[in-house]
Amino acid sequence: MTPFTLTSLADLQGLTVDTIIDVRSPAEYAEDHLPGAINLPVLSDAQRAEVGTIYSQLSPFTARKIGGALVAQNTATHLQGPLADKDGGWQPLVYCWRGGQRSGAFATILDQVGWRVQLLRGGYQSYRREVVKALYETSLPHRLMLIDGGTGTAKTALLHQLATQGAQVLDLEGIAAHRGSLFGTISTAQPAQKMFETRIAAELSTLDPDKVTFVEAESSKIGERLLPPSLWTLMTGVPRIHITAPLNARSRFLCRAYADLMQDKAALGDLLDKLRPYHARERIDQWHAQAQADDWQALAGGLIADHYDPRYAKSAALRDVVVHRIDLSDLDDSTIARTAERLHAEFS
């Protein structure tokens with residue numbers, strides 16, 4: 001059994017193991033885990049809580065004895081299940097919360113089977129410290145170019161087209177599983193904050209800092225997830241590409257991009273009601289009536305003109321960075337593709 005010490009996030013790029021195994025409970029794993037790790041818990045959530053209670057209320061010895069039996073039982077289940085087809089050349093990296101008893105017990109059994117096991121020294125906490133160091137404590141070296149513009153100017157679609165054409169992109173809304181507004185919830189639940197940061201750190205580690213990386217201009221919060229300080233600080237001072245388009249083109253685009261919201265009028269109505277503190281009752285009632293009548297373009301246009309554009313104008317007045325302006329007459333797929341090609345050629 002060989003210890004592995006993580007000195008930076010870049011060390012993960014050079015790992016030669018076949019599988020990274022997180023032996024923590026499912027709830028711990030769901031909150032955050034090393035990129036690419038699978039979960040083979042040696043204690044379930046309920047078992048972990050039970051052992052912890054025994055440890056604090058009865059005795060550490062009894063807790064370790066009961067916990068050891070449970071770990072052995074669960075490890076046997078994994079050996080007979082997901083690990084049953086692994087041959088003698090398979091090499092795993094194992095970790096738990098602090099690199100202590102759970103991962104040590106599991107790794108010892110795998111080592112005795114005959115596999116070449118690496119054990120992450122310091123466990124998940126050693127990895128989390130490196131994420132915090134990168135996203136909270138140090139300046140990021142990346143060259144960002146923000147894609148900016150009002151609601152409905154196809155910023156995300158443009159970002160995806162840039163990626164298709166080979167440009168470096170950082171899709172924060174994709175990582176956050178949210179489209180970045182009151183109406184931005186999608187069918188996939190947002191990751192926990194720690195997992196959000198892990199995914200950002202993993203994406204940044206694959207990018208060449210010497211090349212331009214395109215990223216959509218965001219507020220400091222996407223849905224319920226906060227952008228980590230190092231990234232947000234960098235984003236507030238980099239050049240922006242400002243996209244404009246006519247209102248009718250933007251409203252048509254929103255009808256395509258948010259087509260899923262049209263399928264559940266009750267849920268959409270609940271979202272519209274959340275705007276009541278900001279608009280007159282008559283305006284909210286009009287939007288409700290447009291939704292019920294399937295007058296989607298009028299609804300989208302009204303939300304852009306009366307809600308989103310005024311708020312965007314206020315935030316834009318606070319920014320003082322170099323802006324490259326692109327005026328689009330429409331937001332058709334072909335136009336977005338040509339715009340991406342132009343930007344890729346000019347800035348990448």
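Before anything on partners, I reminded myself that two strands pair if DSSP finds at least two bridges between them. I also kept in mind that this is a predicted model.

Entry one, the strand. I started with β6, residues 143-149. Which strands does β6 bridge to? I found 5 bridges to β8, residues 212-216, and the two run parallel. Within that pairing, I looked up Met145 and got Phe214 in β8 as its bridge partner. I then found 4 bridges from β6 to β11, residues 240-244, again running parallel. Here I noted Asp148, which stands opposite His242 in β11.

Is β6 enclosed or open? I saw that 6 of the 7 residues of β6 are buried, so the strand is largely enclosed by the rest of the structure.

I followed the chain into the loop between β6 and α6 (155-164), where Ala154 sits. Ala154 made me stop: its phi is positive, about 65°, although it is not a glycine. Most residues other than glycine have a negative phi, which is why I wrote it down. Is Ala154 buried or exposed? Its relative accessibility is 4%, so I logged Ala154 as buried.

I placed Ala177 in the loop between α7 (172-176) and α8 (193-205). With a relative accessible area of 8%, Ala177 is buried because the cut-off for that is under 20%.

Definitions and conventions:
Residues are numbered from 1 along each chain as its sequence is written. This is a predicted model: local features need pLDDT of at least 70, side-chain atom pairs count only at pLDDT 80 or more; totals for chains, interfaces and linings use all residues. Side-chain values use heavy atoms; hydrogens and water are left out. Buried means under 20% relative accessible area, exposed over 50%, partly exposed in between (1.4 Å probe, protein chains only).
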